[in-house]
Amino acid sequence: MEPNARPPGRKSQRAMYAVSGVLAAAAGMAVGHLVAAFVNPAASPVLAVGSTVIDATPTPVKEWAVQHFGTADKPILLGSVTLVVVLAAAAIGLVSRSRPSLANILVVGLASLAGLAAWFRPASAPFDIVPAFVTAIIGVLTITGLRALIPNLPTPGAVTPESPLDHTAYAKGSAGTPARRNFLLGAAGVTVGAAALGALGQKLAAPATLPSSVALPQPQETIPALPTGLEDKVKGISRFRTPVKEFYRVDTALVIPRIDVDSWKLEITGKVDNKLTITFDELLKMPMIEKDITLNCVSNEVGGPYISSTRWLGVRVRDLLERAGVQDGVDQILSESTDGMTISTPIEALTDDRDAIIAVAMDGQPLPARHGFPARMVTPGLYGFVGATKWLTKLTATTYAADQAYWTKRDWLTDGTVKTQARIDTPAGLATQPAGKIAVGGVAWAQRRGITEVEVRVDDGPWEKATLGPDGGTDYWRQWFWVWDAKPGRHDLTVRAKDGTGEFQTEKRADPFPGGASGWHSIVVLIS
């Protein structure tokens, strides 16, 4: 005979109620995520709340997150949102023990917060609230179903002998409460189902059109191939041409927009004589140019990793604006992405001879989804937050007085000109090296001005001129190296660069906010 399936203790029962709340939230979010794949992936409950948290986060906190977590900031944010939801759901599950109706209301309230977050997103549509609505329904049904499977506590002092006919019922013919194993089976079923539905939603939310399906046009103006870099000669130095898979990514998007090129359009509107709507096929048929451009994020600390270089293919923004006929008085172009992100770019930067482009390819292949497929802006000489809109869908000719972009509202500068900087890539900071000849190397950049000289200093010694690598143009970074006869001990290595104006970069330290970091990059090395 099996052991008697006795009702659980008080602590065990409380745990079951808490678990029922958590699983109700998990099931609701999983089904909501699946529904969002058909409606709008960004309307998924967790993603909608996460995006709202990003928008509401003060700039200093954002900078701290980027500095300490780097490209892991988004997974950490989503994990934090999920943790808060789990704790709230567990509390709701405990409430359902004595007040089931109130628990159901709280489940609906929790889902409603996600619905409001989706509803008030910049690029929201009426149906974006549907995933949260479904989440609420599934959450209530799940917590109600699991609650029914939780065994009741016995009456204090009552004797509940085993029934010879039914181990889950009390003797004398009285119906017993469901056994603990029934709850565990139900909880396991909900867990497996939630995981499966969530994974299916994630798969369905993948981009509708793969970049690999796009046939790139030939550029109207070709440029010579980039020269061979120093990476094969100086171990540890950044590649002269950054591989696409290593190209940095910093943006606010928690989910990569799903874009079908057959329905994608670029609108040019605002204070223009001729409003334009351009399809992707029409864009590809326009005169294309190639440009070698280094792109970097304003959040990059001195010596930081958020900078990469490659060859881009695209249409001049200047050509498009000339077709539209920008009216007098316009001082900015407000660009917008498919997820509602807005960026302000000074009109001069898009109409002068720097050849800002609407890029459709990088490194000889269509833009990957994570880097802006099917089209993005790339503006030489400006940080990404004022000139590199991903997933581009609209250009509006306007004024700074009339419209403010996402970062402008957060008090970043409107003209984010890239500062002259140099970085030491090798040796690594705090590395231990044997005494003798050591190659010190890295990259320097000063978009629109170019790099003409790089100097390295050991401790407080004299500045030594480094050897420059190949020249990719004024909008492209430059590799450099210097052979150091290292002596035993602890040493500080410092680098500085001179740009095409004849000026060395400033030694004065500045944080990234509000217009980019400045200062000399210095590392400590240990020589044995």
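Trainee: What makes Arg-241 count as partly exposed?
Mentor: Its relative accessibility is 30%. Buried means under 20% relative accessible area, exposed over 50%, and partly exposed in between, with a 1.4 Å probe and protein chains only. Arg-241 therefore counts as partly exposed. This is a predicted model, in which local features need pLDDT of at least 70 and side-chain atom pairs count only at pLDDT 80 or more, while totals for chains, interfaces and linings use all residues. Residues are numbered from 1 along each chain as its sequence is written, and side-chain values use heavy atoms, with hydrogens and water left out.

Trainee: Why is Asp-363 called partly exposed?
Mentor: Its relative accessible area is 23%, so Asp-363 is partly exposed.

Trainee: How do you know that Asp-363 forms a salt bridge with Arg-241?
Mentor: A salt bridge is a side-chain nitrogen of Lys or Arg within 4 Å of a carboxyl oxygen of Asp or Glu. The closest N and O atoms of Asp-363 and Arg-241 are 2.8 Å apart, and the pair forms a salt bridge. Asp-363 lies in the loop between β7 (357-362) and β8 (365-366), and Arg-241 in the loop between α7 and β1 (265-270), so the pair ties together parts that are 122 residues apart in sequence. Here helices (H or I, at least four residues) and strands (E, at least two) are DSSP runs, numbered from the N terminus.

Trainee: What makes Lys-487 and Asp-485 a salt bridge?
Mentor: Their side chains meet at 3.5 Å, N to O. Lys-487 is partly exposed at 48% relative accessibility, and Asp-485 is partly exposed at 37%. By the salt-bridge rule the count comes to 17.

Trainee: Which residues form a salt bridge with 2.7 Å between the closest N and O atoms?
Mentor: Arg-496 and Glu-455 do. Arg-496 is in strand β18 (residues 489-499) and Glu-455 in strand β14 (residues 451-458), so the pair ties together parts 41 residues apart in sequence. Both residues are buried.

Trainee: Why is Leu-200 called partly exposed?
Mentor: Its relative accessible area is 39%, so Leu-200 is partly exposed. Leu-200 lies in helix α7 (residues 180-204).
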